[in-house]
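Reader: Hey, I've never looked at this one before. Can you walk me through it?

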Amino acid sequence: MSNAEPNYFKDNRNGTITHTRNNLIWQQKPGTQKMNWSKAMEYVKNLRLAGYTNWRLPTRSDFTVLLTGHFHGMDISNGALPPYKWLKSNGFLDIQLDYYWTSEIYSTDRNYAGIVCLLSAYTGYFHKSYE
């Protein structure tokens, strides 16, 4: 993280990190197992961490706020760290160079749900069966 960039992360020392820009609490070490969208929804439904039982998949908007300044293209071309490196430098552990599911379902085809790639911060939609 460059000296000019503010630190929006607070390590809660309980397996979670708070993003102080929007006060969302994130799992510090997300699971490394690949899973389809239904399994991801089941995972968060059953997650018990830091005294919380109301976990959910983030929205694409949540990811946009989290990754501001670290998107593929202009940000990275201008010297910003790619999302996965930036998250690791701010206390996140075992971030995969892969796609992470969001809670959003594609409006015209409910078989597709939102994804975010932490290699490039690309957002889009994949078929829910994708692992």
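Author: Let's go from the whole chain to the sheet, the hairpins, a couple of residues and the cores. It's a predicted model, so local features need pLDDT of at least 70 and side-chain atom pairs count only at pLDDT 80 or more, while totals for chains, interfaces and linings use all residues. Residues are numbered from 1 along each chain as its sequence is written, and side-chain values use heavy atoms, with hydrogens and water left out.

Reader: Ok, how many helices and strands are there in the protein chain?

Author: The protein chain has 4 helices and 6 strands. Those are DSSP runs numbered from the N terminus: helices are H or I with at least four residues, strands are E with at least two. Along the sequence the pattern reads β-β-β-α-α-α-α-β-β-β.

Reader: And how compact is the protein chain?

Author: As compact as a globular protein of that length, because its radius of gyration is 15 Å, close to the 14 Å that the globule rule gives for 131 residues. That radius is taken over C-alpha atoms, and the rule is 2.2 Å times the number of residues to the power 0.38. The C-alpha trace spans about 40 × 35 × 25 Å along its principal axes.

Reader: What's the strand order in the open sheet of 3 strands?

Author: It's β4-β5-β6, with antiparallel pairing. Two strands count as paired if DSSP finds at least two bridges between them. β4 (99-105) and β6 (123-127) are at the edges with a single partner strand each, so one side of each has no neighbour in the sheet. From one strand to the next, the twist averages 45 degrees.

Reader: Which helix packs on that sheet?

Author: Helix α1 (residues 37-46) does, touching β4 and β5. The direction of α1 makes about 85 degrees with that of β4. Axes here are lines fitted to C-alpha atoms, for helices over the stretch in contact, with angles from 0 to 180 degrees between N-to-C directions. Contact means heavy atoms within 4.5 Å.

Reader: What about β5 and β6, how many bridges?

Author: Strand β5 (residues 112-117) pairs with β6 over 5 bridges, in the antiparallel sense. G114 sits opposite Y125 in β6. The two strands form a hairpin with 5 residues between them, and A121 in the turn has a positive phi of about 70 degrees. β6 has G124 and F126 on its covered face, with T123, Y125 and H127 on the uncovered one.

Reader: Switching topic: how do β2 and β3 pair?

Author: β2 (residues 16-19) and β3 (residues 24-27) are antiparallel, over 4 bridges. T18 is opposite I25 in β3. Their hairpin has 4 residues between the strands, and N23 takes a positive phi near 60 degrees there.

Reader: I clicked on T16. Buried or exposed?

Author: T16, in strand β2, is buried, with a relative accessible area of 1%. Buried means under 20%, exposed over 50%, and partly exposed in between, using a 1.4 Å probe and protein chains only.

Reader: Which side chains make polar contacts with T16?

Author: The side chain of N12 does at 3.0 Å, and that of N14 at 2.5 Å. A polar contact is a pair of N or O atoms within 3.5 Å; within protein, one must be able to donate a hydrogen and the other to accept it, and residues adjacent in sequence count only if both atoms are side-chain atoms.

Reader: And T20, where is that?

Author: T20 is in the loop between β2 and β3. T20 is partly exposed, with a relative accessible area of 39%. Not counting residues up to four places away in sequence, T20 touches N7, Y8, F9 and K10.

Reader: Last topic: which residues have the most contacts inside the largest nonpolar core?

Author: F63, L67, L87 and L118, in a core of 15 residues. A nonpolar core is a set of buried Ala, Val, Leu, Ile, Met, Phe, Trp, Tyr and Cys residues joined through side-chain atoms within 4.5 Å. α2 (60-66) and α4 (83-89) each supply at least two residues of this core, and α4 gives the most, with 3 residues. Another core, of 12 residues, lies apart from it and includes W37, L57, W101 and F126.
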